[in-house]
Amino acid sequence: MAHTAVHIGAGTRYGADRHILGAADAAPAEPVHRSGDLAGRSDEQKAMVRIIGAVRAGRSRALVIRGASGVGKTALLDHLAGQAGGCRVMRVAGVRPAKRLAFAALHQLCGPLLDGIEGLPAPQGTALRTAFGLVGGPAPDQFLIGLATLSLLSTAAGERPVVCLVDDQQWLDHPSARALGFAARRLGADPVAVVFGTRSPSDHLAGLPEMRLSGLREDEACALLDTMVSGPLDARVRDRIVAESHGNPAVLWELSQTLTGARLAGGFGLPGAVSVPAPVLEGLTQRLTSLPDPTRRLLELAALDPRGDSALVWRSAARSGITLQAADPAEAAGLVEFGARIRFQHPWLRTAVHQAATEHGRRAAHLALAEAADPVADAEWRAWHRAQGTPYPDEKVAAGLERSADAARACGGLAAAAAFLRRAAELTPAPGRRADRLLAAAQTGLRGGEFGEAVKALAALVGAPRDEARDARSALLDVELRFLTAPGTVPAGELLDAATRTEAVDSEAARDGYLDAWYVALSTGGPGGSATLGQISAVVRTARPAADPTCPREIVLDAFTRLATKGPRDAAPALRSVVERFTGPGMAPEDVVRWGWFAQAAAGALWDHGSWRAALELHLRLARATGAVHRLPVVQELLGTAAAWSGDLVAAAELAADAEQVRAATGIRVLSFAALTAAAVRGDWTEAPQLVRAVIVQAGADGHGAAVAHAEWAASVFYNGLGRHEQALAAAVRSSWQPWGVGASSWALPEIVEAAVRTGDLLSAHEALARLADSTQAGDADFGLGVEARCRALLANGPAAEDLYREAVDRLSRTGFPLEVARTQLLHGEWLNQEGCRGQAQVPLRDAFDQLSTLGAEAFADRARRALSVAGERVRRRATKAVGLLTAQESMIARLACEGRTNPEIGARLSLSGRTVEWHLRKIFAKLEIASRRELEPALVRLGCLDPQA
């Protein structure tokens, strides 16, 4: 899958330029820095690379990066630092409180270079010692301080190129700014780069080359915002948000952190959803109070239309008796631009207008907008505004809002539909009807990942008139919510009981519940509770039949109850039907999202891993498009597992990061399968066992038997890679408890065969092969049949084994899983060695070694290297940039250690304790297979992380 990580391209200080703010700066916020490209900054990144190339070639460079707060200056400096392998990176950032402390910034920057002060000319050394308070004396001469700074940088560059990064230069104390500017203008032939990030022009930087950073282009900013907001957003609202952010990435990030889920409601929830820093809100409110009353009322209308629809606002204004002239004071004050689309000149001004208005004024504005909205083209917006302007229960308004929920979902996703239904319930006078709408809101909120809102809606049902069907559905929903947020508290039997009780009053809801119970049983079961799947399936097959046996839910129920009661061979046609229906044309997106998990499970049960991955990709795409946030982390982790299994460790890492973001935003409890699988594939003997233990402990606490099985399967892959087959066999056997041919319990079977053959346990190997063949032959897919052929080859002899290995390679080569091809070639070569055909063994082993090294599967690659040595061909362990070998933090610690920094110095730089730095260094040494700092730089050069010429 093509999956590109996008960096937000913003600095660590968010807000907007002061001419836009007109108030105190917003409080700083920290972005989540993702690996990959900075959005919309390809030319700027190339300029950073050229700077590093110049200093490595022995030339000096100076540059000023100037732009508004949050536009991406810090991110570019971070990017430059990340490209500076082999260079000495020195960094300082100005902070406003220290601006009055003379030489504070210069001391922070040059402190590590003070050992070179003895080599300075005496006047320079004395001036610098005096400036830093090392000796007493009169105020030092600024010219001498500048020269001393230049001399220190030049001396340091004699050892390795120096990259000096100065962020937030506008907050540097003036003596430091003057000295650094002086030095930057006088860089000669020394390999030194000095790069400043600043918001405004400075006399201290006069004459230096400058790069102006402005906001992103509209298309780039729209694409960036789409990656930040987990659910769908009305396109017109998105365009308006981007326009008012002026393309500032940090402003978009800040907005995306408050524009989530129920508060955003796909755009309908604006502008009250946005949280504004108090100083900014106060400054904006002061500017609003000076405006005439008609102008403020016009701004209220404009603020309450999230789309910036100029024609709608002016129609509403005319109905409210507001003339065109009311716009003049706001435009003159630089607050708003009235054009084809209304654009506020500050991203939080809409919220300030909203909060400054009275409750009566807001309701009147909403009603005016409702009356002016087109009753056909904008029916959902008309219903929404009318509902917001209605203070008391009104069935007619509530019914209109309920009817518009589907239209709202089409443009704003499930969160928008849930918001419509919640408001409809609030406006419903009849208690029974109100309860029905609350239940619908809770169901929709759950599907949109708004668990808190769903819980509130269910709680509001307390005291509602008794209704057997509604009570049964709400009980089912309550169990489902508890499973998603606290899985260990919900046994499948509880959901089965709730579904069974529901059948008498609502058979369709009951059958939904049976399918959910099957999912919960598969997720939470263990070796002692596997019969629960069969129990649920037996109940389903004797329950009242569905009204429509051809609907998607029934196709899924039929396939999986067959699988659980009769096995994969009997269930294969039904499972294939599930895969084809859910990945082919014609299936409604909401059905794919609702039951699509079973499509990937069906493909997995058939060992059709091409369809498995395709089903996951489709499910992920539609879950994002419809706002079904609660589905995202599960699918992301499974798709990350597929990526790691195929050997694409980059995509696995990115999907794992995506899943972590959704987990953090929603509270969904899903374990880190993708990172675990990637570590196992890499053969990372420091990280993989830790992740296995962590997942098993957490999964045990959560009651997630399937997660335990996944961790044990990953452990078996890891240990087979290392050639520790006894441990691999034990882990794979523990994973394979589940007999239904779904998930990791099935994936463990080939690992059992390989490990059992290597340890001489042929009985276990034959038993695992028989179980595997039930599924692979039923699926009749190249991936499954290729894996089966490899397992049969392990148990065969002579020409039969040779033919099976070749069949396995041929079939697997057509599947897009190069890791499995390489593992098969490795086994083939090892077998040829055992048979004494060492010359023939070199070909498959060399192919395996090259592929495994390229993929980053280091443990398997090392196995291939050893087998090649047995075959008579010597190869060196490949220097590799294996993705994930060192984390970003570990890479930074390693580079700082190479620069000679002590543990406390590294800790101060990265806000870690010295003890924590030492712990990270031990992990780094283990990963690089070295024993001391002395070996660190050569190891990093070998990996390509440091420039050997530097």
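What is the order of the strands in the open sheet of 5 strands? I read it as β4-β5-β6-β3-β7, with parallel pairing. β4 and β7 (210–213) stand at the edges with a single partner strand each, so one side of each has no neighbour in the sheet. On average, neighbouring strands of this sheet are turned by 15° against each other, direction ignored.

I note the basis of the entries. The model is predicted, so I keep to its limits: local features need pLDDT of at least 70, side-chain atom pairs count only at pLDDT 80 or more, and totals for chains, interfaces and linings use all residues. Residues are numbered from 1 along each chain as its sequence is written, and side-chain values use heavy atoms, with hydrogens and water left out.

Whole chain. I found 47 helices and 9 strands; helices (H or I, at least four residues) and strands (E, at least two) are DSSP runs, numbered from the N terminus. Of the 950 residues, 59% count as buried, where buried means under 20% relative accessible area, exposed over 50% and partly exposed in between (1.4 Å probe, protein chains only). Of the contacts with a separation of 6 or more, 69% come from residues 24 or more positions apart; contact means heavy atoms within 4.5 Å.

Strand β5. I looked up its pairing first, taking two strands as paired if DSSP finds at least two bridges between them. β4 (residues 88–93) runs parallel to β5 and is joined to it by 6 bridges, with alanine 93 opposite aspartate 167. β6 (residues 192–198) is joined to β5 by 5 bridges, also in parallel, and cysteine 164 stands opposite valine 194 there. Is β5 buried or exposed? All 6 of the 6 residues of β5 (residues 162–167) are buried, so the strand is largely enclosed by the rest of the structure. Val162, Cys164 and Val166 point one way, and Val163, Leu165 and Asp167 the other. In a regular strand the side chains alternate between the two faces of the sheet.

Around the sheet. β5, helix α7 (residues 174–185) and β6 make a right-handed β-α-β unit; right-handed means that, with the strands pointing away from the viewer, the path from the first strand over the helix to the second runs clockwise. β3 (residues 61–67) and β6 are parallel and joined by 6 bridges, with isoleucine 65 opposite glycine 197.

Threonine 149. I placed this residue in helix α6 (residues 142–157). Threonine 149 is buried, at a relative accessible area of 1%. Leaving out residues up to four places away in sequence, threonine 149 touches Leu106, Cys110, Ala179, Leu180 and Ala183.

Cores. I took a nonpolar core as a set of buried Ala, Val, Leu, Ile, Met, Phe, Trp, Tyr and Cys residues joined through side-chain atoms within 4.5 Å. The largest has 144 residues, of which Phe560, Leu575 and Leu852 touch the most other members. Its largest share, 10 residues, comes from helix α29 (residues 589–605). Another core, of 39 residues, lies apart from it, and Phe103, Ile117, Leu187 and Val192 are among its members.

Helix α41. Of the 17 residues of α41, 15 are buried. Just after α41, glycine 836 takes a positive phi of about 85°.

Definitions and conventions
Axes are lines fitted to C-alpha atoms, for helices over the stretch in contact, and angles run from 0 to 180 degrees between N-to-C directions.
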